[in-house]
Amino acid sequence: PVLVKVLSSGKLRVRLNDDRRIQIPWSVPSDFFKGWQVGFGSEVARIEQSELLEEGIHELRLDRKVDLQSETDLFTGEEAPVIGSRILTQTGLENDFPEISLRLATTRGTNALLEKKGARMAFFVTQGFGDLLHIRDQRRPDLFALNHQLPEPLYEVVCEVSERLDADGNVLEPLSLSPELQAAISGMVEEGIEVAAVSLMHGYLNDQHEKALAHLLRNSGFKHVSLSSELAPLIKLLPRAETTVVDAYLTPVMGDFLNRVSKVTSDLLVMTSAGGLEPESDFRPKDSLFSGPAGGVVGAAASAKLCGYEKLITFDMGGTSTDVARFNGDFAYQFQQSIGATTLLSPSLRIETVAAGGGSICQWSQGGLRVGPESAGSSPGPACYGRGGPLTITDVNVLLGRVDPDNFGIPLGKESIAAAETRLLELMQAMETEESREEVLEGLLRIAVEQMADSIGTISIREGANPSEYALLAFGGAGPLHACAIADRLGMSTILVPAEAGVLSAYGLHHAEVERFAERQILKSLADCAEIEDWLSELQDEASAKLGAESKVRRRIAELRLSGQEAPLDLEIGEPNQLPADFRAKYQTIFGYEPQPHQKIELV
């Protein structure tokens, strides 16, 4: 196999010699870089000609004279997957791509959501609930803050709709498509708002009002409409509305991204947050927000099985954050997750994320050292990248001699390392400390390790699992560098490091399968659910109809809880009559005691 890794910005960071020669780690044709651009910031030139002098060494001829730094960027303006595909297939800008198959996992939607860079959109909800996503569940984001800053909703305008269903889905008040409503919709289109999210009270039981409203919106000029009855046909208006709003907010952004990537191939499969693949035509943004980390977990599981391990904790440390998950023979799923201030109803692998990565900023704040949650990102990046960035964990590792500057993915010149040393001195001046340089660096490293170890405790100890019984599989750009410290902290004795730890998510894409979740909400006492096998058979037919006759059921999962509780526990369904005993056993494992015999179990 040929491995290529490029920056998520779609740029190649290279070292440019005084004679305009660059060295790259891949084999590409002589004239491959013709038409590319080289430079950084305002100092950018176009490459008129590139000549291969010897293996990996190219000489560039530019269209104008510019003042280029020794560590500079090569780029075409295309997305990172397209750049990677060009290098892998040796396809220049003037040539067509060969016939290839492409699998894609991305955090593009996650970043757009967190950075509030989605589409302008309108939110349509049942009359009287216009402030639903302002009030939310009334919980404060920071319980002890004196000045509470509630997150602003993603939509630009909210429109209340006259209609009402009862708790059984029966119509209490028909949908009114009044002239006032139609005038409001026309005004939105004239203002440039062409994306809508529709979430009506009890719409998960009866979708006729949502579909009628969607028909009106599309006929009025809206280019995309997300319906809660299609995306999350489940009880609870708030998470159902949030899921629908997120999907609508991100659909144009992700649609444009996939269109730019699909220029490479007509055979494009996209990974979901649950670690499976689906065709581009079936893609919904709300199902892909954790697809990047999910690819890593799938790749980790495949790598561990080759080594004979089936119990492992995955440790994926990248530039911005660290993702951890637990694998015990099969994947652990969750069907409701939070990202930022938003709760989503969508299947995903159970992954815990902490804001501690190679780019996490080290600073002195409120009388103490702090690592993260702020990140230097890819631009300007850590101080040692030579772009004026802050002191980060990557810099700490460079200054402690734990990273070889000559064997690093991004060129690290002496000037860049000196910049990291300067940032360290600035931090020590702010601390007014008598500790040595090494003591401060080691302290920063211990803080980061503690934060990452705590996240592993969340997906192991808090769920009744002992980390010492698992192998730690470390990957990502920075994972293997910190694996020993994490293992020591948690009492783990086995560490696995894949040969190409930096591209394990891509390896996971290779091993992932096209799959489909089918689900049904029951909300009945388990004792009254004699039709479980019939329901499972109907769900199997529903999913198989979308996947084809050769599909097979891989997992059957039930969510169970004690009557009166809210949070359910997930259980594998073997024999349905064993579910009560299985639930009580898992309940005791997690909480340390069995539920009382008189407490009823509910199937969610």
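In this predicted model, the exposed residues Cys484 and Asp488 sit on the face of helix H12 that is turned away from its buried side. That buried side is made up of Gly479, His482, Ala483, Ile486, Ala487 and Leu490, each of which is buried in the sense of having under 20% relative accessible area. When one looks down the axis of H12, these buried residues fall within an arc of 155°, and they therefore line one face of the helix. The background to such a pattern is that an α-helix has 3.6 residues a turn, so residues three or four places apart point the same way.

The cover over the buried residues of H12 comes from several elements, including strand E16 (311-317), helix H9 (393-399), helix H11 (437-459), strand E25 (471-475) and strand E26 (495-496). As for the helix itself, H12 comprises the 12 residues 479-490, which at 1.5 Å a residue should span 16 Å, and the 15 Å between its end C-alpha atoms agrees with this. Just after H12, Gly491 adopts a positive phi of about 70°.

Elsewhere in the chain, six strands build an open sheet with antiparallel pairing, and their order across the sheet is E1-E6-E3-E4-E5-E2. Strand E1 (12-15) and strand E2 (21-23) stand at its edges, and because each has a single partner strand, one side of each is left without a neighbour in the sheet. On average, and with direction ignored, neighbouring strands of this sheet are turned by 45° against each other.

Definitions and conventions:
Residues numbered from 1 in each chain as written. Predicted model: local features only at pLDDT ≥ 70, side-chain atom pairs only at ≥ 80, totals over all residues. Heavy atoms only, no water. Pairing = 2+ DSSP bridges. Helix = DSSP H or I, 4+ residues; strand = E, 2+ residues; numbered from the N terminus. Axes fitted to C-alpha atoms, helices over the stretch in contact; angles between N-to-C directions. Expected span 1.5 Å × (residues − 1). Buried < 20%, exposed > 50% of the residue type's maximum accessible area, 1.4 Å probe, protein only. Arc of directions from axis to C-beta. Contact = heavy atoms within 4.5 Å.
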